[in-house]
Amino acid sequence: MSIRTIMIFPKFENMEVIDNIRTQYDPLAQLVRPHITLVFPFENDMSNEEIKSILNGRLQNVKPFEIVLNGISKQEDKFGNYLFLDVKKGVDDICAIHEILYKNEFKQFDSGLGYKPHITIGKLQTVDALNIAYNKLKNMDETFTTMVNKISVEMIGENEESIIVIEKQL
């Protein structure tokens, strides 16, 4: 069984800004492109074809939509110390997709944690390191805008690398 994740891989004209921050603060920067997670990593025996069929059915009425990201936030939880690039526009669209998937076939993988769409730009070892990084970045006023026109499913490889196995056009 493989571990998979359902995500949005946005493409921004100023992507290098995100890449530069992630290179400094995100240990996964070289393994997975910047993304917004819709269904967090899960392991089950569904085939990729079954997942593709679910996405085609559940998301058939979802049309391409614009997202705008701006502003940095931080989160400390049982999974780690994170820096987030926050979604400012498109939150309702992203949350709707997240809820459709978790309400149905992926319900068993719902951790019950609140969901706030974002791109993770850092995962730090300690709260002190998180606070230092946050204080460096919190005033960054760069805006990232793009259209979301596909949902991707990645398989997480043996070395934590991202392998795209499905792309669902909206």
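Colleague: Where does E160 lie?
Modeller: E160 lies in the loop between β7 (150–156) and β8 (162–169); helices (H or I, at least four residues) and strands (E, at least two) are DSSP runs, numbered from the N terminus. This is a predicted model, in which local features need pLDDT of at least 70, side-chain atom pairs count only at pLDDT 80 or more, and totals for chains, interfaces and linings use all residues. Residues are numbered from 1 along each chain as its sequence is written, and side-chain values use heavy atoms, with hydrogens and water left out.

Colleague: What is the phi of E160?
Modeller: E160 is not a glycine, yet its phi is positive, about 70°. Most residues other than glycine have a negative phi.

Colleague: How exposed is E160?
Modeller: E160 is partly exposed, with a relative accessible area of 48%. Buried means under 20% relative accessible area, exposed over 50%, and partly exposed in between (1.4 Å probe, protein chains only).

Colleague: Turning to α4, which residues are buried?
Modeller: In helix α4 (residues 127–137), the buried residues are L130, A133 and L137. Seen down the axis of α4, they fall within an arc of 70°, so they line one face of the helix; the arc is that of the directions from the helix axis to the C-beta atoms.

Colleague: What do the buried residues of α4 pack against?
Modeller: They pack against α1 (15–25), β3 (65–77), β4 (80–89) and β5 (118–124), where contact means heavy atoms within 4.5 Å.

Colleague: And which exposed residues are on the face turned away?
Modeller: That face of α4 carries D128, I132 and K136.
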